[in-house]
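Hi,

Here is the structure I promised to pass on.

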Amino acid sequence: MIRDITLGQYYPAESILHRLDPRVKLTGTVAFLVGLFLIKGWPGYVAATIFLFIMIRISKVPFRFIVRGLKTIFIILLITLVFNLFLTPGDRILVQIWKLRITDKGLYTAVFMAVRLIYLIIGSSLMTLTTTPNDLTDGLETLLSPLKKIHVPVHEISMMMSIALRFIPILLEETDKIMKAQMARGADFEHGNLIQRAKNLVPLLVPLFISAFRRANDLAMAMEARCYRGGEGRTKMKPLIYARRDYFAYGILVLFLAVIIALRILL
Amino acid sequence: MSIVLEHVTYTYSPDTAYEIHALKDVNLEIKDGQFIGLIGHTGSGKSTLVQHLNGLVKATSGHIYFNGEDIYAPGYDMRKLRSKVGLVFQYPEHQLFEVDVLSDVCFGPKNQGLSQEEAQKRAREALRMVGLSEEYEKQSPFELSGGQKRRVAIAGVLAMEPEVLILDEPTAGLDPRGRDEILDEISYLHKERGITVILVSHSMEDVAKYVERIIVMNQGEVLHDGAPREVFRHYKELESVGLAAPQVTYIMHTLKERGFDADEDATTIEEAKETILEAFRKKGKKI
């Protein structure tokens, strides 16, 4: 039941997108998101759609798997859609039901906002699906390393991030296990009103928190036993080195942004 | 009264890169009052199998009948099934959550709809059964030792008075003494109450001593199903799937190979002793 959450999950496959340097993928995702917000009008969206479609195809991640990640934001999506649809003032009124009116501008914004949100999620989940959590934090650490000069603890932040990411599947599994164990003792997580349901969660949450603390404690101990003492002077087993395909990928990104900007200016 | 599994197949995360066939066409009948050992290597599907028996996991295909009723039939009361088929998970001490031992053990009976007094009565009985005296009742379950915590957790399921008790590796991580105590208590329960017990384990040694029937799982399939002595005859095959027969089996087979006329099917040390002495006696007569 909890296995359906794909946000932040890695999908193992052999593709050029998987092999790319994580720094490229991170900047690429940011570039794509920035591109999405620069778009004005449908030609830009067509360009973004083509770009995204090609990326999904070469990532070799099944399309169904990517779409599943959208389920979690479905409600947000719906709310945005409804609000934009009914509350945007415009010149021409298309439909009017009681006090709610749909204007041409409202329809236009609602559709484009929804598309933008969907692309946002797909774009960023494509990055996490093709990059292992370790690579991701490695990339982030290297990209943010200039901030060390102004005393931002970049290494510590990225270490915390990678631990947090690493623990998501573990805690999900643990939740599943404890849930089943309590269900075997007759617990009911699906019925009753809101207060009743919240109360029913106690037998799940208490053991979950205890196990999370226990795991954190064990991990801290194991790290200390291996003489971990922060990022000072720490070297890497697999340092990030750009290959030719990475420069090529940067080229494609620049091209994509150029197309988006050109479409914005010209049309 | 029995549990019947027909062509049960279960697949984790179907149609993705994570697809795993945990169970493949499993057919079993678990009769009332049996003491069964379910053995298999890590990842052989034994834990998945037992979670099917009380409806926590729904088979991808196939049917399961509890006392003749299809548990996947629409409208079947799963909670009732779960109170009849008690399942003690691996490391059950991780499920404890209440402020004191007694309330934790009461959780199951209360979910069955029993009154506070009745639930407490059952909880006390269950605690006695696992060998925890009255002084523990008001303690926090988190202050107990590992072995005691596990007893509390097992009592939590016993208090529901199930007809079938399934224990998933109840002795994992316990010291030899704790292991023997818990297994002895389970065996006693089986004899006293006549409940069906399914003991999941990967230790043949543990199982050989107690059970009357062994089911061996390998890669989601039932490899062997029979009395311990029948199953251990295939000890070479068991080795090839990462399991082992009890030490006694090896000794008895070696003796047989060397021309010693003892029963090689002995599965416990007691049986081995008897048959070896018997063989000596026979030999003595011949001379």
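The secondary structure of chain A amounts to 11 helices and 2 strands. Keep in mind as you read that this is a predicted model.

Now for the overall dimensions. The C-alpha trace of chain A spans about 65 × 60 × 40 Å along its principal axes. Chain A has 267 residues, and 21% of them count as buried. I also looked at which parts of the sequence touch each other: take the contacts in chain A with a separation of 6 or more, and 75% of them are between residues 24 or more positions apart.

On to chain B, which splits into domain 1 (2-228) and domain 2 (246-287). The centres of domain 1 of chain B and domain 2 of chain B, taken over C-alpha atoms, are 36 Å apart.

And how do the chains meet? On one side there are 23 residues of chain B, and they are in contact with 21 residues of chain A. Which elements of chain B give two or more residues to the side that touches chain A? They are α2 (78-84), α3 (101-111) and α5 (146-158) of chain B. Sorted by type, the chain B residues on that side come out as 10 nonpolar, 11 polar and 2 charged.

Cheers

Technical notes
Residues numbered from 1 in each chain as written. Chains lettered and ligands numbered in written order. Predicted model: local features only at pLDDT ≥ 70, side-chain atom pairs only at ≥ 80, totals over all residues. Contact = placed C-beta atoms within 7 Å. Helix = DSSP H or I, 4+ residues; strand = E, 2+ residues; numbered from the N terminus. Nonpolar A, V, L, I, M, F, W, Y, C, P; charged D, E, K, R; others polar. Domains from an automatic or database assignment. Buried ≥ 20, exposed ≤ 12 C-beta atoms within 10 Å, placed from the backbone.
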